[in-house]
Amino acid sequence: MKPLGFTELPAQVMQQRAREFRELCSRRRTVREFSPKPVPRELLEEIILTAGTAPSGANKQPWKFILVDDPKIKSQIRIAAEKEEKESYEHRMPQSWLDDLAELGTDWHKEFLEVAPFLIVVFKERYRVENGVQKKNYYTEESVGIACGFLLAAIHNAGLVSLTHTPSPMNFLQGILKRPPNETPFLLIPVGYPAKSAVIPEISRKPLGEIMVLNVQAE
């Protein structure tokens, strides 16, 4: 154990920092039209290091971030993802889901998987192997989800755009990326600059009164 090293800030400074960070995050939007403009790999490494600071069950850090920039691998991923997405759009998704997606202008075509300069493929480690012994990880789903939240915020903070893509099923990623059996695909994130022609749907975010409940009535 070691001292926390916590520095308490004045209330006014805390309020200002909270507001500035909220305003920064409010400008983050999902982008589906990317520029092929190169992004320094060192920038992505810093972003992934930030994701790696997320809390995790028993500090087991049950995540792997696979950084992909090879055009051949990106092409393989796109072909496999579009195959699954086409099947989902045409046969798996109920009409209510398709109606909701129609408002966002999405379909099974995923050109961004080849255009974006980098793909970050997030895997969750269902268990770990230490000295040949299989050991349990804890709260894996929650831990990796939190790390992905850190990752998306870090991408936006760095001045890049991203998309959270979840082709279902995603098992093809394990084979293409040659990941071991203890890892399961969790999220596929194209990262880069937006295309000059990029557009986004008009959406609104729920106000505080719809997302926060202050206490509950005591009995």
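In what order do the four strands of the open sheet lie, and is the pairing parallel or antiparallel? In this predicted model, the order is β1-β2-β6-β5, and the strands pair in antiparallel fashion. Strands β1 (63-68) and β5 (161-162) form the edges, each pairing on one side only. Strands of a sheet pair through backbone hydrogen bonds, in either a parallel or an antiparallel sense. Within this sheet, strand β2 (residues 118-125) is joined to strand β6 (residues 183-192) by eight bridges, the two running antiparallel. In this pairing, Val121 is placed opposite Leu188 of β6.

The largest nonpolar core comprises 23 residues, among which Phe65, Ile120, Val122, Leu151, Ile155 and Ile189 touch the most other members. Two or more residues are contributed to this core by each of α2 (41-51), β1, β2, α6 (140-157) and β6. The greatest contribution comes from α6, which supplies seven residues. Apart from neighbours within four places in sequence, Phe65 contacts Ile48, Ala51, Ile120, Val121, Val122, Ala147 and Leu151.

When residues up to four places away in sequence are set aside, Leu152 touches Arg28, Ser162, Thr164 and Ile189. Between the C-alpha atoms of Leu152 and Arg128, which are 24 residues apart along the chain, the separation is 25 Å.

Charged contacts were examined next. Eleven salt bridges are found in a search of the whole structure. In one of these, the side chains of Lys64 and Glu125 meet at 2.6 Å, N to O. Because Lys64 belongs to strand β1 and Glu125 to strand β2, this pair ties together parts that are 61 residues apart in sequence. The two partners fall into separate accessibility classes: Lys64 is partly exposed, at 32% relative accessibility, whereas Glu125 is buried, with a relative accessible area of 9%.

Glu130 takes part in two of the computed pairings, with Arg128 and with Lys135. The side chains of Glu130 and Arg128 meet in a salt bridge of 2.8 Å, N to O, and those of Glu130 and Lys135 in one of 3.3 Å, N to O. Glu130 itself is partly exposed, with 31% relative accessibility. Elsewhere, Arg78, Glu82 and Glu114 are linked in a network of salt bridges.

The surface was also searched for patches. A nonpolar patch is formed by Leu208, Ile211, Met212 and Leu214, which together have about 460 Å² of accessible area. Leu208 is located in helix α8 (residues 208-211). Its relative accessible area is 54%, so Leu208 is classed as exposed, the limit being over 50%.

Note on methods:
Residues numbered from 1 in each chain as written. Predicted model: local features only at pLDDT ≥ 70, side-chain atom pairs only at ≥ 80, totals over all residues. Heavy atoms only, no water. Patch = residues over 30% accessible without salt bridge, like charges linked within 9 Å, V, L, I, M, F, W, Y side chains within 5 Å. Areas by Shrake-Rupley, 256 points an atom, 1.4 Å probe, with all protein chains shown as cover. Salt bridge = Lys/Arg side-chain N within 4 Å of Asp/Glu carboxyl O. Buried < 20%, exposed > 50% of the residue type's maximum accessible area, 1.4 Å probe, protein only. Pairing = 2+ DSSP bridges. Core = buried A, V, L, I, M, F, W, Y, C linked by side-chain atoms within 4.5 Å. Contact = heavy atoms within 4.5 Å.
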